[in-house]
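I'm opening a notebook page on this structure. These are my entries, in the order I looked things up.

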Amino acid sequence: NPRSQNPVWPNFLFRSTNLGIAEYLDKNYEQAQHILTECIPHRTKRGLAVCYLYRGQSYWESGQQRLAIQDFETLDSLLNNSDATGYFKELRWAYTALIDYYSEKEDRAKQLKYINGYIRTDSILDEQYKSLTDIIHKDYDKVKLSRQKEEIILSMHDQQKKTNQLFYVTIFSVTIFFVLAVYYYLQRRRYKRKFKELVAPKTLSKKQEPESKIDGLSAKNIKDIRDQLALFERKEAFLSNTVNLQGLSKQLGTNANYLSKVINHDYKKNFTTYINELRIDYVVHRLRVDAKFRKYTIRSIAEEIGFNNPESFSKAFLKKTGIYPSFFIKQLEKEGSPHKIYKNYTIGIF
């Protein structure tokens, strides 16, 4: 710039800056802003900091707070730049404005930044103006400001802790949701596979006669019990909710010990499981062929086939088939009529 080579030019800029400051002090804020804005492109170091400080104060006093904060933040950047030199006591005012502004905005990070800037500036000014330390008025007490700084740091740590906790809770919740979603998807697939197995055509094979030898029973006793059990099954007497080992053994003309031994030997299960599975086989068949029966409630179905409550029925159904009766009924209804089921799954003899 040719004007910078003119020895008169620096003096002119100095006078112009002072004129802008004078206009600010006279409360001619608009004129002060105009003069200082023209000076800014030509000033460096300390002079530039002075221009931003007083233009910022002019904006602040004239109600243009956002523009004032921009100038004060630029001023702080200049002071942190190694190319900028010189501190002056009026800088405290800019930092108090920045601290108060971001305190109202609840921006703790910037509030802490400018508290540190104030403390740094204050320490430098105390060193530069030792003889005036007791005279210079400070807007912020150092002890109070340090306490405020500690409170902000603790608050930020607490906020970060809460943010971290929220993050981990969110991750945990998403993980649980994902696991449950996968589990539900796999369960539905398994249920559908089990359903197809239940309605798929069954290959009839010749029933292999069990051995006639059972410890403690004669061949005649074994044959009589087996014949009576076959009749019991054909009559569907297992649907009675009063059937039990003691009562059935009397009906069959034997004792509970003999009956239990035959069932354990022939069916590889205890009496209760034997009765429950007969009921489940019956209800699976009936649900497949009887559309009206599918309209019953689970409780009504349970009572119809001899269970005392829907819970024990659902548990027995799940144990035998691998799915719940409600799912089985829903899928049957979804498939439609029995004829449609036959078509889809090539159902033969039940």
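Ground rule before I start: I call a residue buried when its relative accessible area is under 20%, exposed when it is over 50%, and partly exposed in between. I also have to remember that this is a predicted model.

**Entry 1: positive charge on the surface**

I looked for clusters of like charge. Lys192, Lys196, Lys330 and Lys334 gather in a patch of positive charge on the surface. I then checked where the patch comes from: helix 7 (142-199) and helix 14 (325-335) are the elements that each give two or more residues to it.

**Entry 2: nonpolar surface**

Phe178, Val179, Val182, Tyr185 and Leu186 make a nonpolar surface patch of about 500 Å². I followed up on leucine 186, which sits in helix 7. With a relative accessible area of 47%, leucine 186 is partly exposed.

**Entry 3: cysteines**

How many disulfides does the structure hold? I find zero. As a reminder to myself, a disulfide is a covalent bond between the sulfur atoms of two cysteines.

My cut-off for a disulfide is 2.5 Å between the sulfurs. Looked at from the other end, cysteine 51 is in no disulfide either, and its nearest cysteine sulfur is that of cysteine 39. I also checked the cover on both: cysteine 39 counts as buried at 3% relative accessibility, and cysteine 51 counts as buried at 0%.

**Entry 4: phenylalanine 72**

Is phenylalanine 72 buried or exposed? Its relative accessible area is 1%, so phenylalanine 72 is buried. I place it in helix 4 (residues 65-80). I also noted a contact across the sequence: phenylalanine 72 and glycine 56 are 16 residues apart along the chain, with their C-alpha atoms 6.2 Å apart in space.

**Entry 5: salt bridges**

I counted the salt bridges and got twelve. I wrote up three of them.

- Lysine 220 pairs with aspartate 224, with the closest N and O atoms 3.0 Å apart. Both residues lie in helix 8 (residues 219-234), four residues apart, which is about one turn of the helix. Lysine 220 counts as exposed at 59% relative accessibility, while aspartate 224 counts as partly exposed at 33%.
- Arginine 286 and glutamate 304 meet through their side chains in a salt bridge, 3.3 Å from N to O. Arginine 286 is in helix 11 (residues 271-289) and glutamate 304 in helix 12 (residues 298-304), so this pair ties together parts that are 18 residues apart in sequence. Arginine 286 is buried, with a relative accessible area of 18%, whereas glutamate 304 is partly exposed at 37%.
- Lysine 295 and glutamate 333 also meet in a salt bridge, 3.2 Å from N to O. I note that this pair links distant parts of the chain, 38 residues apart, with lysine 295 in the loop between helix 11 and helix 12 and glutamate 333 in helix 14. Lysine 295 is exposed at 61% relative accessible area, and glutamate 333 counts as partly exposed at 33%.

**Entry 6: positive phi**

Which loop holds glutamate 106? I find glutamate 106 in the loop between helix 5 (91-104) and helix 6 (108-128). Glutamate 106 has a positive phi of about 60°, although it is not a glycine. With a relative accessible area of 66%, glutamate 106 is exposed.

Lysine 268 went on the page too, with a positive phi near 55° in a residue other than glycine. I place lysine 268 in the loop between helix 10 (256-267) and helix 11. Lysine 268 is exposed, with a relative accessible area of 68%.

Technical notes:
Residues numbered from 1 in each chain as written. Predicted model: local features only at pLDDT ≥ 70, side-chain atom pairs only at ≥ 80, totals over all residues. Heavy atoms only, no water. Patch = residues over 30% accessible without salt bridge, like charges linked within 9 Å, V, L, I, M, F, W, Y side chains within 5 Å. Areas by Shrake-Rupley, 256 points an atom, 1.4 Å probe, with all protein chains shown as cover. Salt bridge = Lys/Arg side-chain N within 4 Å of Asp/Glu carboxyl O. Lys, Arg positive; Asp, Glu negative; His and termini not counted. Charge placed at Lys NZ, Arg CZ, Asp CG, Glu CD. Buried < 20%, exposed > 50% of the residue type's maximum accessible area, 1.4 Å probe, protein only.
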